[in-house]
Amino acid sequence: MKPEILEGRIWLITDGEGKRLDDIDTDMIFHNRWLYITDVKEMGKYAFGNTEGWEDFPEKAKEGDILVVGRNFGAGSSRQQAVDCFRALGIQAVVGESFGAIYKRNAINSGMPLVEAPGIFESGLKSGDTVKINLRTGEITSRNVGFKARPMPSVSLDIYHAGDLFAYAEKLKG
Amino acid sequence: MPTIVEKIFQSHSKDRVDPGEIIWLDLDVRTARDFGGPNVVKHLRKHYNSDYLADPQKTFFTFDLSVPAKTIKYAVNQQVCRDFAKETGTGVFDVDQGIGTHVLMEKGLVLPGSTAVGTDSHYNILGAVGAFGQGMGDTDIAFAFRAGRTWFEVPETMKITVTGQHSATARDTTFAVMRELGSKGALGKAMEYYGDAIDSLDLAGRITLASQTTEMGGIIGFIPPDKRVLDFLRERSGREANPVLADADANYVTETEIDVNGLEPLVATPPSPTSVKPVSEVGKVEIDTVFIGSCTNGRFEDIEAAARVLKGHRVKKGVTLKITPATREVWIKVIRSGVIDILMDAGGVVLTNAGCGGCAEGMCGLVGEGEIEVSTTNRNYPNKQGPGKIYLASPETAAASAILGRIATKEEVGQ
Ligand code: SF4
C-alpha cells in the first residue's frame with residue numbers, strides 16, 4: 001500500500017498577475033516538438049515548456065511537490081507524455097478545479113494521484129505552502145487553511161496502490 | 001430513478017452507480033481493430049508473460065480499416081493480431097467481414113444492455129440496439145482484454161424527444177438533432193432518444209443516428225429497441241433479447257424537444273458535421289465525386305435508397321460514385337438482390353469490398369486538393385479525408401447529386 005496522506009509543497013499554476021490559468025491543453029504541458037522522446041526520465045525537462053511564464057518549472061520543481069491547477073486542465077489530445085513529464089519530476093499529486101476527460105483517464109491509468117478540488121483557488125492556499133492531502137477523504141490542509149476536495153474514487157485508489165493500470169491487472173489475476 | 005446507462009452499469013458493477021462516480025464495469029465484449037490492435041498486443045506481451053485474456057470467447061479482433069491491407073504496415077500489423085489470436089484463441093473477424101461494430105450487431109454478439117469496448121471512436125454506435133459501447137485507447141483496451149473489465153465515470157443523461165413526420169431520411173433527422181445540439185451539445189453525456197420520429201426508424205436509421213453521438217461530444221446515445229430490433233437480435237443471437245428501459249421518473253440533466261415535421265433534406269457543409277443547412281440554401285455547388293458508405297450510412301437500406309434514386313438515370317459524366325457496404329452481409333445483399341444492376345447501369349459507380357471505406361485512412365473516397373465530394377460519412381473535418389472539401393449528406397441526396405453533378409435533392413431528379 002502506498003500512503004493515502006501526502007505532504008508536500010504546492011505550486012498554484014497562475015498567470016503573471018496571479019490569476020488562475022484555465023484550459024491548459026496537453027500541447028502547453030508537453031509540446032509536440034518533444035514527442036520524439038521515449039525515455040520518461042527525459043520528459044521532465046520539458047514539463048510546462050510551452051506554458052507562458054512556466055518554462056523554467058522543471059528547474060524550480062522539487063521531488064514531492066504538488067501541482068494545483070485550474071479548470072479543464074489537460075484539455076485536448078490524448079498525450080500520455082503530459083502526465084508522464086510530471087511523474088518524471090517526482091510530482092506527487094495533481095490537484096485541480098477540473099480536468100480534461102482524456103487527461104483524467106491517462107492520469108488515473110498511470111497511477112498519478114489526481115484530486116478534483118472545485119474552488120481550491122479561492123481557498124486561501126498560496127504557492128509555496130506545505131499541505132497535507134488525504135486522498136481517501138479529500139481533505140486538504142495547510143497551517144491556516146482547511147479545504148474539502150472530492151475524495152479520490154476507490155477505482156483510482158486501487159490503481160494508485162497497484163502502481164498503474166497494468167500492475168493492477170497483474171494483481172487481479174493473482 | 002435510474003436512466004438506461006445507470007441500469008446497464010448497475011447490472012455490470014458492484015460499485016454504487018451515480019452520475020460522477022467512477023466505477024468498475026464488467027464487459028461482455030471487447031475488441032480491437034487493425035488500427036490499435038497491434039499496440040494492444042504489444043502492451044499485453046510487454047506486461048505479462050501469458051494469461052493475456054480474461055476470456056477469449058468474449059475477445060475479438062475486427063479488421064475494418066484497411067481491408068485487405070493496402071500498405072505493408074497494415075499487412076504486418078494485421079498479422080501481429082492474427083498470430084496473437086491463434087496463440088490465445090481470440091476471435092478474428094478478418095478482412096472479409098466489414099466494420100467491427102456492425103459485425104457485432106449482425107452476429108448477435110451484443111444485445112440490449114450489453115457492455116462492449118473497442119479501439120474505435122464510433123463504438124458508441126451500439127446505442128442503436130440499446131447496448132453500451134465505448135471507444136478507448138490501446139492501453140485501456142489491453143487492460144480490458146486481460147481483466148474483462150474497465151473503469152468508467154458514470155455520465156449524466158440527457159433526454160431528447162424528436163417528433164413529427166417528413167419524407168426525408170434518417171440521416172436528415174440526425175442532421176436536425178445535430179443542428180439543435182451542436183458539436184459540444186452532448187459533451188460527456190449519455191443521451192436517450194424518444195418520440196415518434198425515433199420510433200419510426202428501422203435498424204439502419206437507428207445506426208445512422210447513433211453513429212453521430214461522437215460528433216456531438218456524447219458518450220453514448222441510446223435508442224430504446226422496438227419489436228423489429230428485438231426480433232432481429234433474437235434471430236441473430238439465438239438468445240432472448242430484452243430491452244433495458246429507463247424508469248418513468250428517471251433523472252435527466254436536460255430535456256430537449258426537437259420538431260422535425262416537414263423536414264427538408266439537409267447537408268453538413270465543410271468543415272464541420274454540425275454546420276447543417278437545408279440543401280435548398282447551399283446554392284449551386286458543383287461536385288467532382290460522391291461517396292456512400294461508412295458506419296453511418298453503409299447499410300443495405302442506405303445503398304438501396306441510393307439505387308432507387310439512381311434507377312433510370314446516369315451518373316453525370318466526369319463524376320464518380322464510390323460505394324462501400326458496411327459489412328460482407330450488406331455487400332452480398334447488394335449483389336444478390338439485383339441492386340448491383342441499377343448501380344452499374346448508372347455508370348461511374350465503383351463498388352468496393354466491405355469496410356470503413358472513405359472514412360479515416362480508408363481505402364477509397366479520399367479527396368485531393370480542390371476536389372469537392374458529397375459523402376455519407378460521419379465527419380468532414382479539414383484534411384481528415386484529404387485536402388478537398390466534403391459535404392455530408394444522406395444516401396438519397398448523395399445519389400441525386402451524383403446524377404446532376406451538383407448538390408441536389410432527389411426531388412430535383414424527379415422523385
Ligand atoms: S467508418 Fe469511419 S467512423 Fe465509422 S468505424 Fe470506420 S473509421 Fe470509424
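Student: Which residues of H4(A) are buried?
Tutor: A friendly reminder before we start: this is a predicted model. In H4(A), the buried residues are A:Gln81, A:Ala82, A:Val83, A:Asp84, A:Cys85 and A:Phe86. The helix spans residues 81–88 of chain A and is mostly covered, with 6 of its 8 residues buried.

Student: What covers the buried residues of H4(A)?
Tutor: The cover includes helix H1 (26–29), helix H2 (40–43), helix H3 (57–60), strand S2 (66–69) and helix H5 (101–109), each in chain A. After H4(A) comes A:Gly90, which has a positive phi near 85 degrees.

Student: How many residues of H5(A) are buried?
Tutor: In H5(A), 7 of the 9 residues are buried, so this helix counts as mostly covered too. They are A:Tyr103, A:Lys104, A:Arg105, A:Asn106, A:Ala107, A:Ile108 and A:Asn109. Just after H5(A), A:Gly111 has a positive phi of about 80 degrees.

Student: Now chain B, please. How should I describe two helices that pack together?
Tutor: The general idea is that a packed pair is described by the angle between the two axes and by the distance between them. Take helix H6 (residues 170–181) and helix H8 (residues 203–210) of chain B: their axes come within 9 Å and cross at roughly 30 degrees. That angle makes H6(B) roughly parallel to H8(B). The crossing of H6(B) past H8(B) is right-handed.

Student: Which residues of H6(B) and H8(B) meet?
Tutor: From H6(B) come B:Ala170, B:Arg171, B:Thr174 and B:Val177, and they meet B:Gly205, B:Thr208 and B:Leu209 of H8(B). The residues of this contact divide into 3 nonpolar, 3 polar and 1 charged. As background, an α-helix has 3.6 residues a turn, so residues three or four places apart point the same way.

Student: Next, cysteines. How many disulfides does the structure hold?
Tutor: In general, a disulfide is a covalent bond between the sulfur atoms of two cysteines. Over all chains, this structure holds 0 disulfides.

Student: Is B:Phe84 buried or exposed?
Tutor: At 0% relative accessibility, B:Phe84 counts as buried. The residue lies in helix H3 (residues 72–88) of chain B. Setting aside residues up to four places away in sequence, B:Phe84 touches B:Val41, B:Leu44, B:Arg45, B:Tyr52, B:Leu53, B:Phe61 and B:Thr90.

Student: Where is B:Thr62, and which residues are in contact with it?
Tutor: B:Thr62 sits in strand S3 (residues 59–62) of chain B and counts as buried at 3% relative accessibility. Leaving out neighbours within four places in sequence, B:Thr62 is in contact with B:Thr31, B:Ala32, B:Arg33, B:Asp34, B:Phe93 and B:Gly100.

Student: Let us end with H11(B). Which of its residues are buried?
Tutor: They are B:Phe300, B:Asp302, B:Ile303, B:Ala305, B:Ala306, B:Ala307, B:Val309 and B:Leu310. That is 8 of the 11 residues in this helix, which runs over residues 300–310 of chain B and is mostly covered. Just after H11(B), B:Gly312 takes a positive phi of about 80 degrees.

Notes
Residues numbered from 1 in each chain as written. Chains lettered and ligands numbered in written order. Predicted model: local features only at pLDDT ≥ 70, side-chain atom pairs only at ≥ 80, totals over all residues. Heavy atoms only, no water. Axes fitted to C-alpha atoms, helices over the stretch in contact; angles between N-to-C directions. Helix = DSSP H or I, 4+ residues; strand = E, 2+ residues; numbered from the N terminus. Parallel < 35°, antiparallel > 145°, perpendicular 65-115°, else oblique. Left-handed = near helix turned anticlockwise from the far one by under 90°. Contact = heavy atoms within 4.5 Å. Nonpolar A, V, L, I, M, F, W, Y, C, P; charged D, E, K, R; others polar. Disulfide = S-S within 2.5 Å. Buried < 20%, exposed > 50% of the residue type's maximum accessible area, 1.4 Å probe, protein only.
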